[in-house]
Amino acid sequence: MHSSKTGLSVADEKKYIGILFFLFAVQIMSWVPRFPEIKANLGLSNGEFGTYLSLGSVGAVVAMLSSGHLVHKYGAKRVLILSTLSMCLSIGVIAHLQSAPVFIVINMINGGAISAFNIALNAQAFHAQDRAGELILSRQHGYWTLGAVATAIFSGFMVEFVGIALHINALSVVVFFIILGFVRKLDPELIKPSAEEEDNFGFKDLFTSFRIDYLVSAALVCGIMVEFATADWSAIYAKETIGVRGSLATIPYILTFTAMIVGRLGQHRITPYVSLERQIKYGSVIGGVGFIGFILASSLLVDHSKTAAYICSLIGFSIGGFFSAVLSPTFFTAANKRSSQPSAVVVGQMGVVNAILVLIVKTIIAWTAQFSGSIAIAMIIPGLMLISVAFMSRVAKDL
C-alpha cells in the first residue's frame, strides 16, 4: 500500500502513530494508580477485585474476534473513533461506581473498546512498518509505555490533591478530543475499507477463519505477565504489604514502565550486535530470576526494614520490566510474519488467545495472593512464566 499524492510521509505516519500509542496509554492507564480507591469504593477484597478486573477480558475477547475483520472491512478510521468514544466514556463512568455488578459490565465494555482501538492502531503500525521497511513496532510500543508512565506519575500526584471522579473525567474529555485530532491527521494513510466482495464476513467466518499459532501465543502470554502483574499489583503490594503511603505506592509501577521504555526505545541499537533470538533467550532468564528474587527478598525484609523492603521491590519490578520490554512487540511481529492473513486479523486472533490465557493467569495470581496472604508469593507465577520464554525464543529467529 503506497502513499497517495496527498498522503503522509512515512516519517509523519510513524510520528502520529507514536503519539496515538502515547495517548492510548494515558487514557487506559489513568485509573490504574487509583485502583486502591476503586477497590475501596466497591467494597471488595483483593481476590474479588482482581477477579472482577480480569473480567474486562470477556469484552476484550468479543472485540478481538470481530475488530480485525471490522478494520479490514470498514477501515481503521471508524474503528478508532468508535473505540475512543467507548473507552473514554466507560473509564469516566468507572470513577463514580459503587456497585460491583455495574462495575463488571462497564469494565467489559472498556475491555472491548481498548481491544478494538489496540487492533486498529497496531494494524496501522504494521502498515507504517511495511512502508518504512524496518522494524518500528518496538519503538511504537515504547511510546505507549511512555504514556503509561506519564499518566502514572500524573495520577500518583493527583491522588494526594484531587478526587478520583474529577481527575478521570477531565482527563477523558481532553484525551478524547486530542486523539480525534490525530486520527484526522492520519486519515490519508489510514487502512481503507476493503473493496473485495469476499471480505463480506459473516458471523460464522469469525470462527472458521480462526488460526492459532501455538508457539507465538505461548511465548507472548509468558512474556507479558510480569507487565500485567506489575500494573495490577505493584501499587497494592507497596501500600498494603510494605506500608508506604499513596503517592509512593505508584513508584514501583513508574520505575517498571520506565525500564520498559528504555528497553523498547533502545532495542534497535542492540539488535545489530545481539540477535533478537539471543536477546529473548538470555533476557527472559535474567528478568525472571531477578524479578522473583528481589520481590521475595522485599517481603522477607518488611519486618526488619521498610526502606530496604521498598528498595528491593523497586529493583525487582524494574528488572522484570526491562527484560520483558521487547517481548510483546517482537512476538506480534513474528505472528504477522508467519501468517498469510491481514495484519488487523492477525493482531485480533493473537489477542483473543492471549486475552483468554491472561484472564486465567490473572485469576490464578489474584487467588494465590488471597489464599497465601502474600502478593510476593503470587508474583512468583509471572516470574516463572518469563523464565520459560527462553525455551520459545526461536520464534524470533527470522525477524
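Which residue forms a salt bridge with Lys77, and how far apart are the closest N and O atoms?

A: Lys77 forms a salt bridge with Asp187, and the closest N and O atoms are 3.3 Å apart. Lys77 lies in helix α5 (residues 76–94), while Asp187 sits in the loop between α8 (164–186) and α9 (203–208), so the pair ties together parts that are 110 residues apart in sequence. A salt bridge here is a side-chain nitrogen of Lys or Arg within 4 Å of a carboxyl oxygen of Asp or Glu. Helices (H or I, at least four residues) and strands (E, at least two) are DSSP runs, numbered from the N terminus.

A word on the source. This is a predicted model, in which local features need pLDDT of at least 70 and side-chain atom pairs count only at pLDDT 80 or more, while totals for chains, interfaces and linings use all residues. Residues are numbered from 1 along each chain as its sequence is written, and side-chain values use heavy atoms, with hydrogens and water left out.

Back to the pair. Lys77 is partly exposed, at a relative accessible area of 35%. Asp187 is also partly exposed, at 28%. Buried means under 20% relative accessible area, exposed over 50%, and partly exposed in between (1.4 Å probe, protein chains only).

Glu189 and Arg131 meet through their side chains in a salt bridge, at 3.8 Å from N to O. This pair links distant parts of the chain: Glu189 is in the loop between α8 and α9, Arg131 is in helix α6, and 58 residues separate them. Glu189 is buried, with a relative accessible area of 3%. Salt bridges with shared partners join Glu13, Arg131 and Glu189 into one network.

Next, Arg34. Its salt bridge partner is Glu37, with the closest N and O atoms 2.9 Å apart. Arg34 counts as buried, at 0% relative accessibility. Glu37 is partly exposed, at 26%. The structure holds 11 salt bridges, these pairs among them.

Now the helix α3 (residues 46–54). Seven of its nine residues are buried, which leaves α3 mostly covered. The buried set is Asn46, Gly47, Phe49, Gly50, Thr51, Leu53 and Ser54. These residues pack against α2 (35–42), α4 (56–74), α6 (100–132), α10 (214–242) and α16 (343–372).

One more residue is worth a stop. Val26 is found in helix α1 (residues 10–29). Val26 is buried, at 10% relative accessible area. Leaving aside neighbours within four places in sequence, Val26 is in contact (heavy atoms within 4.5 Å) with Gly147, Thr151, Leu171 and Val175.

Finally, the whole chain. There are 18 helices and zero strands. Of the 399 residues, 57% count as buried. Among contacts with a separation of 6 or more, residues 24 or more positions apart account for 85%. The C-alpha atoms fill a box of roughly 65 × 45 × 40 Å, taken along the principal axes.
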